[in-house]
Amino acid sequence: MSESKGRVLLAYSGGLDTSCILAWLIEEGYEVYAFMADVGQEEDFEAARVKALKVGAKKFFLEDLKREFVTELIYPAVQANCIYENVYLLGTSLARPVIARGMMAIADREGCDFVSHGCTGKGNDQVRFELAFYGLKPDIKVIAPWRIPAFYHRFAGRQALLAFAAEKNIPVQQTAAKPWSTDENLFHISYEAGILEDPNITPPTDMWKLTTAPEDAPNTPERISIEFKAGLPVKVTAGDKTYTDPVDVFLALNALARKHGIGRIDIVENRFIGVKSRGCYESPAATILRVAHMDIEGLTLDRNVRALRDQFVTVELSKILYNGHWFTPEREFVVSSIPASQRTVNGVVRLKLYKGNVVVEGRFSDEGLYDAKESSMDELGGFEPTDTTGFIQIESIRIKKWAQANIQKGQTGIEPKDVYGVRV
């Protein structure tokens, strides 16, 4: 028997890619351990363990990371209203730091020489995982099969992988008819590849796994309330049921959103490496939480604090997550500002869930920034309307000067004219 090239800890999902990679690494002469993270995906973990060992893994490790996934990654993202390109709620990105950290702990404990993953050479996840690995253990060695010519020339596409899996008697969920790739966790599920690579093909009905189609959702709306403290959802009330544990809160919202068809999106996004990619996502609970959190902020968060948070924390943390820069000094800096921005975000939002929609029906808080009398159109409430005259006069100084300068140039601004080639 030839000498082993070393011990590899493989990030194992149990799917087509990582199952084939496990067999290929063994062919190449490595001793392979399989690592699986429980981040809330609906998975038969025992079947995955049996499968990994049957394919040839020497050991199989399963780590339950759900709680830290919710409290350390999901909740800061909710507080910051993180979003990528105004649509994607970053479900895949959010799970990578906790998976990488759990994986590196096992690799260190088991004396692994290498870590490996099944990320493609065109995707974002290769960047996210490897930057996380290096941020945790700078001297770790990474095997990325999809960037090794001997591997990607042999397996030029999904069909070649399916053939290899059949040759090795590896059971897989993907078929020639449904070859798309999925990634699932407590936060969401993603679908890519296969027929989805044509951005004009409507996803087949049976592709969607988590959510009921909105048109098939109940005809009767369901009403819930979410209580926030310091921007975090601390209690969900749905009918006569109440949930307060962080994981239970998220699971309860997931179940409610799935029932009512909430959280589906179909987009073309810009990957970090510069390639456009079509992806379909289901983010049930996350969609409800985003609507509710943004709404309670309107009632409780100072205007300028909210603007600064939106312009800096939301944008920067979203990029940090998407680009895989979690284990970095900039992430520490940005995340440290979140508690200060959320100190007053306390209150309750009442919501209606109905056929794919999250409708805010009311909100209340004791923070005191909203004064009904002050903003009322029916009473003065301590606000003197005449005070606004001076405010408008001050605000108009620079605008008047700009208008006067234009008039001197013969540009009255009254007549329509072309602006950037558009007649207005």
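Predicted model: local features only at pLDDT ≥ 70, side-chain atom pairs only at ≥ 80, totals over all residues.
These are my notebook entries on what I looked up in the structure.

**Ground rules.** Residues are numbered from 1 along each chain as its sequence is written, and side-chain values use heavy atoms, with hydrogens and water left out.

**Salt bridges.** I searched the whole structure for salt bridges and found 30, taking as a salt bridge a side-chain nitrogen of Lys or Arg within 4 Å of a carboxyl oxygen of Asp or Glu. E42 lies in the loop between β2 (31-38) and α2 (45-55) while R258 lies in helix α8, so the pair ties together parts that are 216 residues apart in sequence. For these element names I rely on DSSP runs numbered from the N terminus, helices being H or I of at least four residues and strands E of at least two. E42 counts as partly exposed at 42% relative accessibility, and R258 counts as partly exposed at 23%. Here buried means under 20% relative accessible area, exposed means over 50%, and partly exposed is in between, with a 1.4 Å probe and protein chains only.

I then looked up E130 and R147, whose closest N and O atoms are 2.8 Å apart in a salt bridge. This pair links distant parts of the chain, with E130 in helix α5 (residues 125-136) and R147 in the loop between β5 (141-143) and α6 (149-154), 17 residues apart. E130 is buried at 8% relative accessibility, whereas R147 is partly exposed with a relative accessible area of 40%.

The side chains of R309 and D310 also meet in a salt bridge, at 2.7 Å from N to O. R309 counts as buried at 2% relative accessibility, while D310 counts as partly exposed at 35%. I also noted a network of salt bridges that links R96, D125, R128 and D183.

**Helix pair α10 and α11.** Two packed helices are described by the angle between their axes and the distance between the axes. The axes of α10 (residues 303-323) and α11 (residues 329-336) come within 10 Å and cross at roughly 145 degrees; the axes are lines fitted to C-alpha atoms, for helices over the stretch in contact, and angles run from 0 to 180 degrees between N-to-C directions. α10 passes α11 in a left-handed crossing, a term that applies if the near helix is turned anticlockwise from the far one by less than a right angle. At this pair, F312, V313, E316, L317 and I320 in α10 meet E330, R331, F333, V334 and V335 in α11, where contact means heavy atoms within 4.5 Å.

**Buried positions.** I looked up L94, which lies in helix α4 (residues 91-109) and is buried with a relative accessible area of 0%. Leaving aside its neighbours within four places in sequence, L94 is in contact with F69, L73, I74, A77, L89, F187 and L321. S283 sits in the loop between β12 and α9 (284-300) and counts as buried at 4% relative accessibility. Not counting residues up to four places away in sequence, S283 touches L89, F187, H188 and G263.

**Positive phi.** L90 has a positive phi of about 70 degrees although it is not a glycine; L90 lies in the loop between α3 (66-79) and α4 and counts as buried at 0% relative accessibility. N169, likewise not a glycine, has a positive phi of about 60 degrees, but N169 is placed in the loop between α7 (158-167) and β6 (181-184) and is exposed, with a relative accessible area of 61%.

**End of α8.** K259 lies in helix α8 (residues 246-259) and is partly exposed, with a relative accessible area of 41%. The C-alpha atoms of K259 and A217 are separated by 6.5 Å, although the two residues are 42 apart along the chain. Not counting residues up to four places away in sequence, K259 touches T212, A217, P218 and E222.
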